[in-house]
Amino acid sequence: MTAVRLTAWVRGRVQGVGFRWWTRARALELGLSGWARNTEDGRVEVVAEGGREACEGLLSLLRAGETPGRVDTVVERWSDARGNLAGFVER
């Protein structure tokens, strides 16, 4: 299995509603490493590394509409895993 890196920017009402905590919990359930952080423009940036299927699963969950707050859009970027992440943290 080749590891990949998913970077996703989530726009909507996603700050101050437990969204990063929720994302961390889902990522850990999927066996992913990475982090989620608030950005100055109101989005949440999510970086996750692991198997392609697990990363796609997290992306689907982010878009499913069952998150805390409200997700309006998710923009994603895929790249090769760097292998420098351990655990999944809220920044």
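Trainee: Two strands pair if DSSP finds at least two bridges between them, so which residue in S5 is the bridge partner of Gly34?

Mentor: Phe88 is the partner of Gly34 in S5. The labels are DSSP runs numbered from the N terminus, helices being H or I with at least four residues and strands E with at least two. Bear in mind that this is a predicted model, where local features need pLDDT of at least 70 and side-chain atom pairs count only at pLDDT 80 or more, while totals for chains, interfaces and linings use all residues. Residues are numbered from 1 along each chain as its sequence is written, and side-chain values use heavy atoms, with hydrogens and water left out.

Trainee: Okay, what order do the five strands of the sheet have?

Mentor: The order is S4-S1-S3-S2-S5, in an open sheet with mixed pairing. S4 (70-80) and S5 (88-90) are the edge strands, each with a single partner, so one side of each has no neighbour in the sheet. On average, neighbouring strands are turned by 15° against each other, direction ignored. Angles like that run from 0 to 180 degrees between N-to-C directions, and axes are lines fitted to C-alpha atoms, for helices over the stretch in contact.

Trainee: Which strands does H1 touch?

Mentor: Helix H1 (residues 19-29) packs on the sheet and touches S1 (3-13), S2, S3, S4 and S5. Its direction makes about 175° with that of S5. Contact here means heavy atoms within 4.5 Å.

Trainee: Back to pairing. Do S2 and S5 run parallel or antiparallel?

Mentor: Parallel, joined by three bridges. S2 (residues 33-38) pairs with S3 (residues 44-51) in the antiparallel sense over six bridges. Two of the pairs there are Gly34 with Ala48 and Ser33 with Glu49.

Trainee: And how many residues lie between the strands in the hairpin of S2 and S3?

Mentor: Five, and Gly42 in that hairpin takes a positive phi near 95°.

Trainee: How many bridges join S1 to S4?

Mentor: Ten, and the two strands run antiparallel. Val10 stands opposite Val74 there. S1 also pairs with S3, antiparallel over eight bridges, with Thr7 opposite Val47.

Trainee: You mentioned Ser33. Which residues does Ser33 touch?

Mentor: Leaving out residues up to four places away in sequence, Ser33 touches Val47, Ala48, Glu49, Leu85, Ala86, Gly87 and Phe88. From Arg13, 20 residues apart along the chain, its C-alpha is separated by 24 Å.

Trainee: Switching to helices: at what angle do the axes of H1 and H2 cross?

Mentor: At roughly 150°, with the axes of H1 and H2 (residues 52-63) coming within 10 Å.

Trainee: Which residues in H1 and H2 meet?

Mentor: Phe19, Trp22, Thr23, Arg26 and Ala27 in H1 meet Leu58, Leu61 and Leu62 in H2. By class, that is six nonpolar, one polar and one charged. Ala, Val, Leu, Ile, Met, Phe, Trp, Tyr, Cys and Pro count as nonpolar, Asp, Glu, Lys and Arg as charged, and the others, Gly among them, as polar.

Trainee: Last one: which ring does the charged end of Arg52 sit over?

Mentor: The ring of Trp78, 3.8 Å from its centre. The rule asks for NZ of Lys or CZ of Arg within 6 Å of the ring centre and within 35 degrees of the ring normal.

Note on methods:
Two strands pair if DSSP finds at least two bridges between them.
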